2 protein chains.
Amino acid sequence: MQSPLIKKLIEAFTCLPGVGNKSAQRMAYFLLERNREGGEQLADALVAAMRGVKHCSRCRDFTEDELCGICNSQARDNSLLCVVESPADVFAIESTASFKGKYFVLMGHLSPLDGIGPEDLGLDQLKRLVDEEKPAEIILATNSTVEGEATAHFIAEMLKNNEVVLSRIASGVPLGGELEYIDGGTLMHSLSGRQPYRN
Amino acid sequence: MQSPLIKKLIEAFTCLPGVGNKSAQRMAYFLLERNREGGEQLADALVAAMRGVKHCSRCRDFTEDELCGICNSQARDNSLLCVVESPADVFAIESTASFKGKYFVLMGHLSPLDGIGPEDLGLDQLKRLVDEEKPAEIILATNSTVEGEATAHFIAEMLKNNEVVLSRIASGVPLGGELEYIDGGTLMHSLSGRQPYRN
Ligand SMILES: [Zn+2]
Ligand SMILES: [Zn+2]
């Protein structure tokens, strides 16, 4: 009842995050019934991106050039370096339009159980970059998870002999969050990390 | 910060049903970071399906051959014809393994506002098919929506001079519900509990 080509397409869709068999089926039928042109454009975009997107030679973010747009920009502050886990984090921070420094993208976090060590995160490259560019401050903006904390800690240890201010993004109650619904760990952290009140 | 190739891929993903900008971004980054091979396979499957999947010349269901597997099967009961709106409905009914007849797929429903009339649903082809094959019973299994009911009504009118029992799938499908999303048990119940069609 489902032709081999349709079966194959449905199966291929399930490689996407958050897409189970039911959604995959819906996607396949939708494109076949209503938007074959869109389906072909998606195929083109996939091939172009899968083959053309590499990593920036300075910061490891995704780019199709030797250097990404941010590393290549004259407008960015070279003295401020923000270390994040993934390109999506760069995008999220850039969307706030509140950061004018540069980035280093780990493409993951330390995870001994998965065999992900310092070399997989390009930490030797980060060390060289800090030695050469000598930023004044490095913001450790890894995730506020056990692995993210461990990774930030490892980097801080690695750079302890460099003359650079290390900072960590604040964790606490999200803006608009209600204390009642925040988990205990976050609350504790947010209490101990309290700041002088400013109007 | 997002290279042109990534921007284009994210935009292309939003052509999928239920995929907004945020999910599209997640899909793009996921494939780039963790499954480029899967991304290329998806592209191949898309091109193959968009170009290779046609409509069965008898029932209009999707197929890559002249006749779909069901129309081509000797095991199916030619005297029982089930009329549905979409290929996903055929798949849903087949999944219950409780129907041994054949299908006719409208690829939509009557919708004057969208300019979808009888000719777009292949109703002339359905009429010819009924004239030639002379099924004993036709199950009108269009969706239990206003448009689905109107389409069933239209088909019943069209076939009123044919010697055939018309039936409508039974209640069990919730009002306003679409076959594609109904669980197998309910579908089976609604098939076996079908009632003679009444205007
Ligand atoms: Zn870069
Ligand atoms: Zn067929």
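A salt bridge is a side-chain nitrogen of Lys or Arg within 4 Å of a carboxyl oxygen of Asp or Glu. The views below are taken from a predicted model.

**Figure 1. Arg51(A) and Glu40(B) form a salt bridge.** The closest N and O atoms of Arg51(A) and Glu40(B) are 2.8 Å apart; this counts as a salt bridge because the limit is 4 Å. The pair crosses between chains: Arg51(A) belongs to helix α3 of chain A, and Glu40(B) belongs to helix α3 (residues 36-52) of chain B. Side chains of opposite charge can pair when their charged atoms come close.

**Figure 2. Arg51(B) and Glu40(A) form a salt bridge.** Here the closest N and O atoms are 2.8 Å apart. Across the interface of chain A and chain B, two salt bridges are found. Over all chains, the structure holds twelve salt bridges.

**Figure 3. Chain A and chain B meet in a contact with 53 residues from chain A and 53 residues from chain B.** Between them the two chains bury about 5,100 Å², and 73% of this area is on carbon and sulfur atoms. Ten residue pairs are in polar contact between chain A and chain B, counting pairs with both residues at pLDDT 80 or more. On the side of chain A that touches chain B, the elements giving two or more residues are α1 (4-13), α2 (21-34), α3 (36-52), β2 (62-63) and α4 (87-95) of chain A. Of these, α3(A) gives the most, with 15 residues. By type, the residues on this side of chain A are 31 nonpolar, twelve polar and ten charged.

**Figure 4. Four cysteines of chain A hold the zinc ion (ligand 1).** The donors are the SG atoms of Cys56(A), Cys59(A), Cys68(A) and Cys71(A), lying 2.3 Å from the zinc ion. Angles among the four donor atoms run from 105 to 120 degrees, and the site is tetrahedral. Along the sequence, the donor residues of ligand 1 are spaced C-x2-C-x8-C-x2-C.

**Figure 5. Four cysteines of chain B hold the zinc ion (ligand 2).** Cys56(B), Cys59(B), Cys68(B) and Cys71(B) each provide an SG atom as donor, lying 2.3 Å from the zinc ion. The site of ligand 2 is tetrahedral, with angles of 105 to 120 degrees among its four donor atoms. The spacing of the donors along the chain is C-x2-C-x8-C-x2-C.

Definitions and conventions
Residues are numbered from 1 along each chain as its sequence is written. Chains are lettered from A and ligands numbered from 1 in the order in which they are written. This is a predicted model: local features need pLDDT of at least 70, side-chain atom pairs count only at pLDDT 80 or more; totals for chains, interfaces and linings use all residues. Side-chain values use heavy atoms; hydrogens and water are left out. Contact means heavy atoms within 4.5 Å. Buried area is the accessible area (1.4 Å probe) that two parts lose on being put together, summed over both. A polar contact is a pair of N or O atoms within 3.5 Å; within protein, one must be able to donate a hydrogen and the other to accept it, and residues adjacent in sequence count only if both atoms are side-chain atoms. Helices (H or I, at least four residues) and strands (E, at least two) are DSSP runs, numbered from the N terminus. Ala, Val, Leu, Ile, Met, Phe, Trp, Tyr, Cys and Pro count as nonpolar, Asp, Glu, Lys and Arg as charged, and the others, Gly among them, as polar. Donors are N, O and S atoms within 2.8 Å of the metal (3.2 Å for Na, K and Ca); water is not among the atoms, so sites may look incomplete. Four donors count as tetrahedral if all angles lie between 85 and 135 degrees; four count as square planar and six as octahedral if opposite donors are over 155 degrees apart and all others between 65 and 115; anything else is irregular.
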